[in-house]
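Thank you all for coming.

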Amino acid sequence: MKSDLVISINVHEKPEYLLNQVENIKEYVSLSKKILLNCNEFMLEQMSDNPDVDVFPEPLSKRPFHGSLTHGIACNMSYALENYDFEYFLVLSSREFFYRKLESTSQILEHIVDERSVKTEDVDFRMPNYYPAGNYCKVKGGHADWLDSKGDVVDLWWWPKFSSTMLYQYIENNNLCFAHSMHEGMCFSRDTCESIINFFGDHQDIMNELFTFDGCVEEFALQSIASNYGGFYYIGNGCDTKSLDEVDSNKFTCKRPR
């Protein structure tokens with residue numbers, strides 16, 4: 001049976017909280033869906049028999065600001081491709097809840113991250129979602145910066161550290177595009193998922209480094225690969241905990257306290 005959506009969640013603690021998250025998904029997402037968990041040993045034991053979710057069959061321990069988060073997402077993506085017929089693959093954090101109804105895949109399509117929307121000449125331009133390789137920052141002495149149109153240096157987040165990865169160097173050397181988003185709320189079409197997994201199959205050295213990298217590569221790696229194979233969608237509100245009066249009314253999910 002075909003599903004509109006696979007919802008992938010890395011989980012590591014608090015089964016009762018997760019059950020609340022699952023109920024929230026059931027309430028707000030009327031699309032046909034599979035909820036696929038990537039668990040550590042504890043949560044795998046707790047959730048394996050829950051009829052409302054599927055679980056990746058092997059435990060994987062993960063930690064913040066580490067490539068293990070990307071590893072969990074990629075494992076779920078590969079598992080979904082092998083086991084489900086689906087249209088879109090949505091990544092949520094273990095604290096991500098819906099606050100707006102998702103009733104049609106057309107609502108996802110409205111949130112394409114598109115390089116055509118980037119205008120590098122704008123004075124207030126700071127962090128685009130797409131960066132043409134070799135044209136967006138200078139990496140020097142372990143620091144990356146962007147010169148805006150006023151000549152002011154703008155600090156560029158994690159890019160200095162990302163520049164040491166083989167993926168970054170591959171994209172730069174092949175004159176491809178970089179992309180970024182918070183991983184909470186990023187969404188890929190099935191075709192793009194296949195492109196990402198095929199890329200990892202062809203470049204296992206890049207994949208293995210990402211999965212063990214000491215940094216939050218989940219905020220740029222899959223997005224950058226996807227940006228060169230059809231793009232991706234973003235329906236979340238970033239990585240910060242937000243109240244309902246702070247969220248974007250056009251998006252769908254946000255993080256809550258746990």
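Predicted model: local features only at pLDDT ≥ 70, side-chain atom pairs only at ≥ 80, totals over all residues.

Residues are numbered from 1 along each chain as its sequence is written, and side-chain values use heavy atoms, with hydrogens and water left out.

Let me start with the sheet, which is open and is formed by seven strands in the order β3-β2-β1-β4-β12-β13-β6, with mixed pairing. Helices and strands here are DSSP runs numbered from the N terminus, helices being H or I with at least four residues and strands E with at least two, and two strands pair if DSSP finds at least two bridges between them. At the edges we find β3 (54-55) and β6 (112-113), each of which pairs on one side only.

Which strands does β12 join by bridges? On one hand, three bridges join strand β4 (residues 85-92) to β12, and the two run antiparallel, with Leu90 having Cys187 as its bridge partner in β12. On the other, two bridges join β12 to strand β13 (residues 232-234), again antiparallel, and here Met186 stands opposite Tyr234. Within β12 (residues 186-189), Met186 and Phe188 point one way and Cys187 and Ser189 the other, and all are buried, where buried means under 20% relative accessible area, exposed over 50% and partly exposed in between, with a 1.4 Å probe and protein chains only.

Turning to the helices, α3 lies across β1, β2, β3, β4 and β12, running at about 165° to β4. Contact here means heavy atoms within 4.5 Å, and the axes are lines fitted to C-alpha atoms, for helices over the stretch in contact, with angles from 0 to 180 degrees between N-to-C directions.

Helix α3 (residues 68-83) also packs with α7, at an angle of about 115° and with the axes 10 Å apart. Among the residues making that contact are Met77 and Leu81 of α3 and Ile197 and Phe200 of α7. By class, the contact of α3 with α7 has eight nonpolar, one polar and two charged residues, counting Ala, Val, Leu, Ile, Met, Phe, Trp, Tyr, Cys and Pro as nonpolar, Asp, Glu, Lys and Arg as charged, and the others, Gly among them, as polar.

Helix α7 (residues 190-202) packs in turn with helix α8 (residues 204-212), at about 105° and with the axes 5 Å apart. That makes α7 roughly perpendicular to α8, a term covering 65 to 115 degrees, with under 35 roughly parallel, over 145 roughly antiparallel and the rest oblique. Phe199, Phe200, Gly201 and Asp202 in α7 meet Gln204, Ile206, Met207, Leu210 and Phe211 in α8.

Finally, two loop residues. Phe65, in the loop between β3 and α3, has a positive phi of about 55° although it is not a glycine. Asn175, in the loop between α6 (166-173) and β11 (177-179), also has a positive phi, near 55°, and at 61% relative accessibility Asn175 counts as exposed.
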